[in-house]
Amino acid sequence: MKHRWNVTILGVRGSIPMPDADFLGYGGHTSCVAVDCGAELVVLDAGSGLSRLRPSPRPGGQMRLDILLSHMHLDHIMGLPGCRALYDPDAEVHLYGEAREGRSLCAQLETLVGPPYWPLKLAEFPARVEFHEVGPGDTFRLAGRAGLPGVTVHTLRGNHPNQSLLYRLEEGSRRVIYALDCETGAALRPALEDFARDGDLLIWDATFTEEELAGRPGWGHSSWQQGAVLGRAAGVRLTLMTHYSWQYPDSLLEAQERLAAAQGAGICFAREGMEIQL
Ligand SMILES: [Zn+2]
Ligand SMILES: [Zn+2]
């Protein structure tokens, strides 16, 4: 019998954290999703929600995190100093992302996590930190464990200011697609549909309502309706909306979720703390 994957939503906001009381029904932390694949604990983006993660050792006793970064915008990396595993001398933290404009992944991250913005550079934390530079169209394996097949990761270029990477995690027939900070459109749509094909879970950029999105071309974001259409066309079992505008309180998101529910099954709005088993 194949083991299950457990997906935990740790942060749901775009741009900046929003810890006001009328935002906390959905959540105030910026983007972070943990996927416990058994042998691997994969973290998708290092938004402020990363501080909620209490990682446990992998089978065999190793403490290891694999953090896949979609891009360097603050809301996707600001949680790194709150990553508990970085303070554990027995832990390994593997960071994946793009080298950009002649700057290594490490150099980009240490612009934020390093003096004068943070007292330690990433390499100076107690944990062993390794950097893995990846790009669009890449396929790579995570470490896994002897005797287990391990997770394979595929990437796709996202349409976003300063660009982004979308990720697909695969093991056997199981697929989780992470597509945040991406403005869909006619040009990208076929590639997105292929990338998400037959997914068990599509984690989607639902930053703006359709009404607001119409006035935000070039901002690099999408709507839940676009995710619903894409998910259905690609044969995805569940499309999970997240990365909500930091200006949308619970009341607005509840109204959007009611509209989505009227479209039938297969759509879900993320809330912090939500767990999904695959
Ligand atoms: Zn973002
Ligand atoms: Zn962004």
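A polar contact is taken here as a pair of N or O atoms within 3.5 Å, where, within protein, one atom must be able to donate a hydrogen and the other to accept it. In the predicted model described here, the side chain of His160 meets this criterion with the side chain of His73, at 3.2 Å. A polar contact of 3.3 Å also joins the side chains of His160 and His71. His160 is found in the loop between β8 (152-158) and β9 (164-171), and at 8% relative accessibility this histidine counts as buried. When neighbours within four places in sequence are left aside, the residues in contact with His160 are His71, His73, Asp181, Cys182, Trp219, Gly220 and His221.

Several of these residues belong to a metal site. The zinc ion (ligand 2) is coordinated at 2.1 to 2.3 Å by His71 through NE2, His73 through ND1, His160 through NE2 and Asp181 through OD. Along the chain, the donor residues of the zinc ion (ligand 2) follow the spacing H-x1-H-x86-H-x20-D. The angles among the four donor atoms run from 89 to 174°, and the site of the zinc ion (ligand 2) is irregular.

The zinc ion (ligand 2) and the zinc ion (ligand 1) are 3.6 Å apart, and Asp181 coordinates both. The zinc ion (ligand 1) is coordinated by Asp75 (OD), His76 (NE2), Asp181 (OD) and His243 (NE2), at 2.1 to 2.3 Å. The site of the zinc ion (ligand 1) is likewise irregular, with angles of 91 to 158° among its four donor atoms, and in sequence its donors are spaced D-H-x104-D-x61-H. Because Asp75 lies in helix α1 (residues 74-77) and His243 in the loop between β12 (238-242) and α6 (250-261), this pair ties together parts that are 168 residues apart in sequence. Asp75 counts as buried, at 6% relative accessibility, and His243 is buried as well, with a relative accessible area of 1%.

Turning to the strands, seven of them form an open sheet of mixed pairing, in the order β6-β5-β4-β3-β2-β1-β14. The edges of this sheet are formed by β6 (128-133) and β14 (275-277), each of which pairs on one side only. On average, and with direction ignored, neighbouring strands of the sheet are turned by 20° against each other.

Both senses of pairing can be followed around strand β3. Strands of a sheet pair through backbone hydrogen bonds, either parallel or antiparallel. Strand β2 (residues 32-36) pairs with β3 in the antiparallel sense over four bridges, and the bridge partner of Val33 in β3 is Leu44. The two strands β2 and β3 form a hairpin with four residues between them, and in its turn Gly38 has a positive phi of about 95°. Towards β4, by contrast, the arrangement is parallel, with three bridges joining strand β3 (residues 41-44) to strand β4 (residues 63-68). Within this pairing Leu44 has Leu68 as its bridge partner in β4, and Val42 stands opposite Asp66. In a regular strand the side chains alternate between the two faces of the sheet. Both faces of β3 are covered, with Leu41 and Val43 on one side and Val42 and Leu44 on the other, all of them buried.

Further along the sheet order, Glu92 is found in strand β5 (residues 91-97) and counts as buried, at 15% relative accessibility. The side chain of Glu92 is joined to that of His94 by a polar contact of 2.7 Å. Not counting residues up to four places away in sequence, Glu92 touches Gln62, Met63, Arg64, Leu65 and Arg128. Glu92 and Gln62 are 30 residues apart along the chain, and their C-alpha atoms are separated by 8.3 Å. Helix α2 (residues 105-112) lies across β5 and β6, running at about 125° to β6.

Conventions
Residues are numbered from 1 along each chain as its sequence is written. Chains are lettered from A and ligands numbered from 1 in the order in which they are written. This is a predicted model: local features need pLDDT of at least 70, side-chain atom pairs count only at pLDDT 80 or more; totals for chains, interfaces and linings use all residues. Side-chain values use heavy atoms; hydrogens and water are left out. Donors are N, O and S atoms within 2.8 Å of the metal (3.2 Å for Na, K and Ca); water is not among the atoms, so sites may look incomplete. Four donors count as tetrahedral if all angles lie between 85 and 135 degrees; four count as square planar and six as octahedral if opposite donors are over 155 degrees apart and all others between 65 and 115; anything else is irregular. Buried means under 20% relative accessible area, exposed over 50%, partly exposed in between (1.4 Å probe, protein chains only). Contact means heavy atoms within 4.5 Å. Two strands pair if DSSP finds at least two bridges between them. Axes are lines fitted to C-alpha atoms, for helices over the stretch in contact, and angles run from 0 to 180 degrees between N-to-C directions.
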